[in-house]
Amino acid sequence: MHSVVRSFRAAFVEGRFAPLLAAFGMMGMRLALFHRRGLPRITSVGDNYVWEPIACLFVHPLVSLITSTLAVFVIAWLLSLLNSRFNLLRSRSNLPFTAPLCLLSLHPYFLVMSGDYISIIFVLLAFFPLLESYQKPDAYLSSFRASILIAVASLFQIYAFVLFPLWWIGERSMRGPQFRSFVSSWFGLFLVYVTLFSVYWLVDEIPRFVRPFLQFVSFSIPEIPRFSMLEWGGVLFAGLFFISNMIFSIRIYSRDKALTLSFMQFVVFLIVFLLILQMVYWQETFFFLLLSLALTSYLSAYFYSRTILKNHIYVAYAMLSLMLLLYLSHLLPSMAAFL
């Protein structure tokens, strides 16, 4: 093993204190952004059922910062737990925990607590029954639990509702088509929304029940914006980041065990569709982008935990440098104006 690979693995992949250092580093990054830039204003546009009534609890900037930081920790912990419980990597690695901490702390938008974070947490929880159903002859209970979790996620962000038809692709990849599982997944979704409809019917607020679904017809494909050179560089880097992580990880997981192969294929499938949906609803929500970043952080963690080629490690250091540059451009607006 090359010394570059060995030092990278010792420092980032297998380092005993890497999770603790990453946690403190993430909190420092978020506090610095909060101190320098404050929190951007994110207004609710009726795209949820549950978040809007409780959003007033997180109006104070410091409360919003603390709760969003806790939410990022929960997302990182769930990705790490998912990896360890199902032995997806088959090797010791800190990256499933540390990678999302880094990615979800680079922009001031990530400092604001919103229903997107809660929705993402429920979506990640839905992966557990999905993986538990692998090659089970009758997995209707797993399908039911997953659909319940996705339905609850859509209560905090209605755009999570589109994951339901996409989720069946993952169900089929895990065990093939099963009619009882398909019916039970629809029943789980039906159960949540019938209960919700009953509540709105009792309080005579049927239009309020329908309003979040109207967001799906609010397409807002962005026009070509007038970005600065640094902003265009950030857009280019984001595109290369998603594409490179998907391509690199495909080369590794295509030779892995069947469960890991099925899971990673489904994750790549989700990321591609989520990015397309983000372009379609660009001015309406950043939920799809946030979920894509969380899933891509796992792809990146998987790849850099398994690779033994020094060129790949050089790419990792280059990406870390560009991430640092993007972070500093938000931390120091004067540098961004200069560039």
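This is a predicted model: local features need pLDDT of at least 70, side-chain atom pairs count only at pLDDT 80 or more; totals for chains, interfaces and linings use all residues.
Is Val-272 buried, exposed or partly exposed? Select it: Val-272 is partly exposed, with a relative accessible area of 36%. On this scale buried means under 20% relative accessible area, exposed means over 50%, and partly exposed lies in between (1.4 Å probe, protein chains only). Val-272 sits in helix α12, residues 258–280. Helices here are DSSP runs (H or I, at least four residues; strands are E, at least two), numbered from the N terminus.

Residues are numbered from 1 along each chain as its sequence is written, and side-chain values use heavy atoms, with hydrogens and water left out.

**Stop 1: helix α1**

Select residues 3–13, helix α1. Its buried residues are Val-4, Val-5, Phe-8, Arg-9 and Val-13. They are on the same side of α1, because they cover an arc of only 130° around the axis. The arc is taken from the directions from the helix axis to the C-beta atoms. Show α5 (95–103), α13 (287–306) and α14 (310–331) next: the buried residues of α1 pack against these helices.

**Stop 2: the core**

Colour Phe-127, Trp-167, Tyr-193 and Phe-263. These have the most contacts inside the largest nonpolar core, which has 102 residues. Such a core is a set of buried Ala, Val, Leu, Ile, Met, Phe, Trp, Tyr and Cys residues joined through side-chain atoms within 4.5 Å. Helix α13 gives the largest share of this core, 13 residues.

Centre on Phe-263. Leaving aside neighbours within four places in sequence, Phe-263 is in contact (heavy atoms within 4.5 Å) with Leu-82, Leu-88, Phe-127, Leu-131, Met-174 and Tyr-298.

Stay with α13 and pick Ser-300, which lies in that helix. Ser-300 counts as buried, at 13% relative accessibility. Ala-76 is 224 residues from Ser-300 in sequence, yet 13 Å away in space, C-alpha to C-alpha.

**Stop 3: two helix pairs**

Select α6 (residues 115–132) and α7 (residues 140–156). They pack at an angle of about 175°, with their axes 8 Å apart. That makes α6 roughly antiparallel to α7. Axes are lines fitted to C-alpha atoms, for helices over the stretch in contact, and angles run from 0 to 180 degrees between N-to-C directions. Under 35 degrees counts as roughly parallel, over 145 as roughly antiparallel, 65 to 115 as roughly perpendicular, and the rest as oblique. The contact has twelve nonpolar, four polar and two charged residues. Here Ala, Val, Leu, Ile, Met, Phe, Trp, Tyr, Cys and Pro count as nonpolar, Asp, Glu, Lys and Arg as charged, and the others, Gly among them, as polar.

Switch to α2 (residues 18–37) and α14. Their axes come within 9 Å and cross at roughly 30°. That makes α2 roughly parallel to α14. On the α2 side, the residues include Gly-28, Met-29 and Leu-33; on the α14 side, they include Tyr-327 and His-330.

**Stop 4: two loops**

Go to Asn-87, in the loop between α4 (61–85) and α5. Asn-87 has a positive phi of about 50°, although it is not a glycine. Asn-87 is partly exposed, at 39% relative accessible area.

Finish at Asp-204, in the loop between α9 (179–202) and α10 (206–210). Its phi is positive too, near 60°, in a residue other than glycine. Asp-204 is exposed, with a relative accessible area of 64%.
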